[in-house]
Amino acid sequence: MITEGTSTKVSGLPGTVEIAGAPPYLFEWSESAHWLPLAITGLALIAWIVSLRFKRAWAALFGFTLALMALWTLQSARSGLWLPESASLIADEVDGLFHLVMALTSIFYLLTQGVLIWTLLQPAPPGGRAARVHGNHLLELVWFTVPTGLLVYIALVQLPTWAKMKGQVPGAYLAAGYQPASDPADLLLTVTGRQWEWRMRYHSPDQPMPVNPLFWAATPAAEDIHAVNELHAWQGAKVRMMLRTTDVIHSFFLPQFRFKQDMLPGKTIPALLHTDRSNIEADGTERVWEIACAELCGGNHYRMRGKVVIHRDKKEFMDWLNRQKASQSERKESAAALPTPKPEARENQ
Amino acid sequence: MISHAECPPPTEETIPAPSSLAMGQMGMWLFLGTEVMFFTALLATYLILRFSVAGPDGSGWPNPSQTHMNAWIGLGNTGLLLLSSVMVSLAVRALGQGSDGSATKALWLAIALGAGFLGVKAYEYHGKYEHRLLPGRIGEVFPEGSTISRRYDEGPGLPWLESIKPGLEATVGHEYRLILGKEKAAVPANPAQMLDSVRRNPGKSMAYDLLLALDKSEATPSMAARSVFQTSESIRFANQHADKEDRHQEDDLKTPTALPHGNLWASCYFALTGLHGVHLVIGLVVLGIPATLGVVGRLRPDSLPYLTNAALYWHFVDLVWIIIFPLLYLL
Amino acid sequence: MSHPNALHAGHHPGFVRTYIFSTDHKMIGLQYLFSSLFFLLVGGGLALLVRLQVGYPNESLGLLTRLIPGLARHIPESWGGRMSPEFYTMLFTMHASVMIFLVIIPWLTGAFGNFLIPLMIGARDMAFPVLNMLSYWFMWPAFGLLMASFFVDGGASGVGWTAYPTLSSAALPDGTLASPAARHAGLGQTFWLCALLFAGSSSLMGSINYITTVLHLRAPGMSLLRMPLTVWSLFITAILQAVALPPLTVALIMQLSDKVFGTVFFLPPGGAQFGAWSTGAGGGQPLLWQHLFWFYSHPAVYIMILPAMGMVSDILPVFARKPLFGYRPMVYSMASIAGLGFIVWGHHMFQSGMDPRLGTGFMLATILIAVPSAVKTFNWLATLWGSDIRFSAAMLNAMGFVSMFVIGGLSGIFMAVTPVDVHIHDTYFIVGHIHYVLFLSSLFALYGATHFWYPKMFGRMMSENVGRLHFALTFVLANCTFYPMHILGIGGHPRRYYDPTLYEFLQPMQSLNRFMTISAILLGFAQLLFLANFFLSLFLGKRADANPWGANTLEWQAPSPPPHGNFALPPVVVRGPYEYGGDGPQDHQPQTASA
C-alpha cells in the first residue's frame, strides 16, 4: 500500500522548510542513499592506501569524518530533516534549549576534534622524544571548572521550561509535586492507550468543568464524546489530557508539540497541552500532524498512528464535536435496537 | 607539575604477603556485601509496595490476623536461628581449639536447628495453602463503583469467581437446592425453616446469597469478593469474642479468601521468606560438608578457614531473618 | 596458537584441564574472548536484519530465507516474504541482549579483565582460580538459554532488552507461558530472564574475584596509585557490578515469579486487559521494575565504558611515547563517574510517569556526570599533544575511541536537558547515542586492545595493515550508520518501528534510513576483516617477542605468551606505569626495577 507512495513522497519532501537564498543542496538523500556509502567506503580505502606511504593521511580520515558530520547536520537542518514544525509556545522554548545545547556541544566537539587532528599533524618533537610531562594542575583546574560552569548553566536554564511542561507554576514547582496547576483548562479529555489504538473521551463542553479531573477520568459519563485515534482542539486552547492505559505501557508522542508522556498501567497521568498554532490552512486543507507511540507495546507498536487536528477557532472545534456526538448517539440507538449481546466467553479456558 | 614518577621503592613490609585465609575472608565479605544489596533491594521493594497501597477506600495493608500470621511462630523461628548461630560459633571455636568432636556435634545441632526452622516454615506455608493465601489466587476487594473494580469485574476477577464455586457448593449447595425446590428431599422439610437455619450461620448465609446471585448471573467478582471478605471478617471478629460471650465458634469459610491487597501481600510474603529459605538451604549444605567430614573423622584444623566463612554466611542468613521477622510479622 | 603451558616445564595438566575446565586466568580470558567474538557475529547478524527491515520495510526478504536456514519460519511466504512485526521486535530485543550481556561485558571484563589483571599487577593468578573457572562456565547456561529461546514456542523475547512490564510480564494468575501481552513474552521471555540470572551470577563471581585479586595480590611496590589505568578501571567496574547487580537479580526473580507463579509485583491493581484476555487481579507497580532495572542498567553503561577508558589510557601513552597526562585526575574521574553513576538512573525515566521533581534531581546528577568525562577527554588529548604518534592499528582504534566518545558524551547532554529529552526520548537519537557509546567507543577500545595485547595472548602479531584498513573502514562506515540516527531522532523518528513509512512525517527520512542500512551492511562486512585478521594471525602472524611495543607495564615483562604462573621471578615495582619519552638512555622505563 505504501510501496509506491514512498518513493514519490520522499523526493517531494513534504513539510520541507525552504530557506530563502540557501545554496542548493550538495546531494539529495533520496537519490544518494545507495551510492553514497560506497563512495565513502572508497574514500576510506584511498585514505588507507595513502597512509601506507604518508602516515599523516590519518589526519585526513579524521578530518573527513568530521566534515561529513558537519555537512550532514547542516544539510539536514536546511532540507527540513530537523525538528518538526513547532505547534506551541512551549515547543518554541524546547527548540531554543535544543539549539543552545547544539551550539555549546558543537563548539566543544569542534574544539576537541581540532586538537585531535592537530596532534596527528603536529611536527615530531625535538630529538624524536616527547617531554616527560605527567600533568599540569592549572590545566586540570581549567578544564574542570569551565565545563562545570557551562553544565551548571545548562542545568539551571532548563528548569522553568520543565516546570511549565509539567503544567506547573515555575516558582512553586518544587513544592507542588505532580498535581496539575489550578489554572482552568478549556478542554478536558482522557486518552486511553491500548493495543494498538488511542481512545479519546472528551468532556462535554455543555457540562461544567469537573472540579477533580482525576475523578472524572475514572468515571465515564453518558454525555462524554468518544473518538478513536483523533485528537482535536482549537488554536489557543489549554487542553488537559488525562493519560491512561488498559494493558501495557504506551507513550503518547506528539512531535509538533514536543510532547511525550508514558501511560502507566494503573495510573492516570495528567498533562497539559497549550496549543498555539492550527494545522488547518486558510483554504481549509489540513497539514498532517500525527500521533505516535514512543514506547514498545507489542508487535504492532508501529501502527498506533493517530492524527492531531487543531482547529482555527473554538467554533470549528465545536462543529466537529457536535458531528461526533450526533454520530455517536446514532450508533447508540442502532445498538439499542439490537438484542443485548451476551458477555463474551473468556478465551483462556 | 604532578609528579609521581620516582618514588622510593617500597620495603617488603609495606606490602604484606597475601595469605589465602585473608583472601578467603575478603571474598566472603565481598560476597556478603552483594547479598546485603540483594536483600536491601528486596526489602526496599516490599516497603515501597507496602507503603504505597493506602487504598482510596481506606483499606490498608492486610493485618497479621487476616493473613494468619502468628508472631509467636515467627519469634520461635527467630529463636531457632539464633540458637543455631550460637552453635556454629561454638563449632568454630571448638575447631580452633583442635576439638573436632565437639565441633561436629555443634555443627549437627546447628543443622538440626536450621532444619527445624525450615520445618516450621513448611508448616506456615501449609497454613497459607490451606487458607488459599496464594499470590494471584486471592479475591481482591476494590472500592465499590471504581474503575479498578469495574475492570476487575470484566476479566481479572473472573477466574477467582470461578474458583469459589466449589466452596460455595460444599457449604450450602444442598440446602440451597432444597430451599428452592430444585431437589426433592428424602425427608420433607420446611423451606422457610431451612432458610432460617441457613441465615443463622454467617458463612452459609453468604454462600446462599452468592449462589442465588450466580444463578441469576448477577454476581460480579468484586461483589463476591466484598461479601467473602466481609463475612470472613465478621466470623473472625465473632470468634475472637466467642469465648467471652459464651457462644460457639463459627465455621471458617470454605471458599478461597478475599482480601484487599491480598495478592500483593502474598507475593511479598512468599518472595521474602522463600528467598531467605533458599539461602538457608544453601547454608545447610555448606554446613553439612564439614559436619559430614566430622562424622567420618576427617574434620581437621585446616578446615578452619572454610568453617569460619561458612559461619559468616550462616550468621548473615540469621541476620536477614532478624530484619525480615519484624517487617513481616509485627509491622 | 601456541601451547600456553609450553614454557612451564613439568606441568602438563592434560587437554581438558588446559583448554576447557582451565583455572588459569589467561585461558579463561581467552575462552571469554573467543565466545565474545562468536556472539559478536550473532549480534551483528541480528542488527543487520533489523536494519534491513527498517530500510526496506515493504520489500521481500525472500532471498535471505534461502541463505539462512530456519529463517523461513519468521519470514513466511504468506507475508510476501516480509518478516512479521513480532519477529522484528524479537530481532532488536535479542540484538541488544546479545551485544550487551554476551559481547561487550564479557569481552571487556571477562576476557581482558581475566587476562590482564593478574599480569598487570604482577600476580601469578587470580585470587580464586576455581571461582574464576565457574564464572566462565556460568556464562554457558546464559549462552544456551538465549540461543535456545529463538527456537521455543513463540520465539525469543520480543519486549525490548529493557523488558518493561506489563508487556513483558503480563500473565494469567496461574502463570502461563503464552503471554497475552505479546506473543514473544511467554517462554522466550522466561528463557531470557533465566539467561540474565546466569550471566549476572557469572559477573558477580568475576567481580568478587577481581576486587580481591587487586587488593591482595599486587606485586611488591605496586601501590594503588602505580596501577595501570586498565587495572583501575576494571577494579572500579568490579565494584560497580558487585553493588548494582544484586538489585537487578531481585528484579529478574520478581518478574520471573510474576510470569510463572502469578505474583503481582509489576501488575497494577485491577490487572491489565488485552481484548478478551485479562491478567490476574494485580496490586503491584509497573514502574518499580523500571527503577530496579535502571538501577543496574545505568551503571551497566559505565561497566561497558570504564574498562574501555582504562585500556585506551594504557594504549595512548605507549604509541605516543609520552606519559599519560594527569594520572590522578584520571583515577579520580573514573571513581566519580562510578559514584555518580548510581544516582542518575532516573534519567531513563523522565517520561515514565515518575514525579517530575525526582526528574529534576536526576537531571542535576546527570549533568554533573558529564564533568569527569570531559576531564578524561581533555587528559587524553593532552597526552597526544606534542608527542610523536606511531600509527599502529591499536593506536588508531584508541584515537577513534577518543574522537567518538566525545560525540557519545556530548549527545548525552541533550538527554540530560529534560525538556529536550521529552522530544528525543525513545527516538532514534537515543539509539544513535547508545551506539556512539557502545559501538564507536567501547568496541573501538576493544579492537584497539585486542590488537595491542594480541602478541601477549598468542605470541604472534596481528597484521598491522589489515588492522589499519579495518579501522579506516569501520571508522567512516560506523559514522555513516549511526550519525544519521541523531538526525532521525531530532525529526522525531521513534525507535523500534517496524515500518516507519506508515507515518507521513517519517517518510522524508526513509532515504536516510536506507543510507544507514547500506552503510550498516558494509560495516558488517568490514568486521569480517577483523575476524579474519584475528583468526589467521593465530597461525600466520609474525612471532612476537616479550615486549613488541616497548611498553612499561608488567605484562610486557613476562614472556609472550606468559607461562602458567606468569612470571619466572616475582616482579618488584619501582615506578608508575607511564614513564615514556624524556631524555634517558631508553624512551621508556618499565615498572620493574630490573630493567
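User: What makes α4(C) count as largely enclosed by the rest of the structure?

Analyst: 37 of the 37 residues of α4(C) are buried, so the helix is largely enclosed by the rest of the structure. Buried is under 20% relative accessible area, exposed is over 50%, and partly exposed is in between (1.4 Å probe, protein chains only). Bear in mind that this is a predicted model, where local features need pLDDT of at least 70 and side-chain atom pairs count only at pLDDT 80 or more, while totals for chains, interfaces and linings use all residues. Residues are numbered from 1 along each chain as its sequence is written, chains are lettered from A and ligands numbered from 1 in the order in which they are written, and side-chain values use heavy atoms, with hydrogens and water left out.

User: What span would you expect for α4(C), and what does the model give?

Analyst: The helix covers residues 85-121 of chain C, which is 37 residues, and its first and last C-alpha lie 50 Å apart, close to the expected 54 Å. That expectation is 1.5 Å times one less than the number of residues. Helices (H or I, at least four residues) and strands (E, at least two) are DSSP runs, numbered from the N terminus.

User: Where is the kink in α4(C), and what comes after the helix?

Analyst: The kink is centred on C:Pro106 and comes to about 55°. That angle is taken between axes fitted to the seven residues ending at a residue and the seven starting there. Following α4(C) is C:Gly122, with a positive phi near 80°.

User: How many disulfides are there over all chains?

Analyst: Zero, over all chains. To count, a pair of cysteine sulfur atoms has to be within 2.5 Å.

User: Why is β5(A) called largely enclosed, and which strands does it pair with?

Analyst: Seven of the eight residues of β5(A) (residues 238-245) are buried, so the strand is largely enclosed by the rest of the structure. Pairing needs at least two DSSP bridges between two strands. β5(A) has seven with β1(A) (residues 187-194), in the parallel sense, and six with β8(A) (residues 269-274), which runs antiparallel to it.

User: What makes chains A and C count as touching, and how many residues are in contact?

Analyst: Contact means heavy atoms within 4.5 Å, and 121 residues of chain A are in contact with 134 residues of chain C. The area buried between them is about 11300 Å², with 71% from carbon and sulfur atoms. A:Arg129, A:Arg132 and A:Tyr302 supply 7% of what chain A buries there, more than any other three residues. Buried area is the accessible area (1.4 Å probe) that two parts lose on being put together, summed over both.
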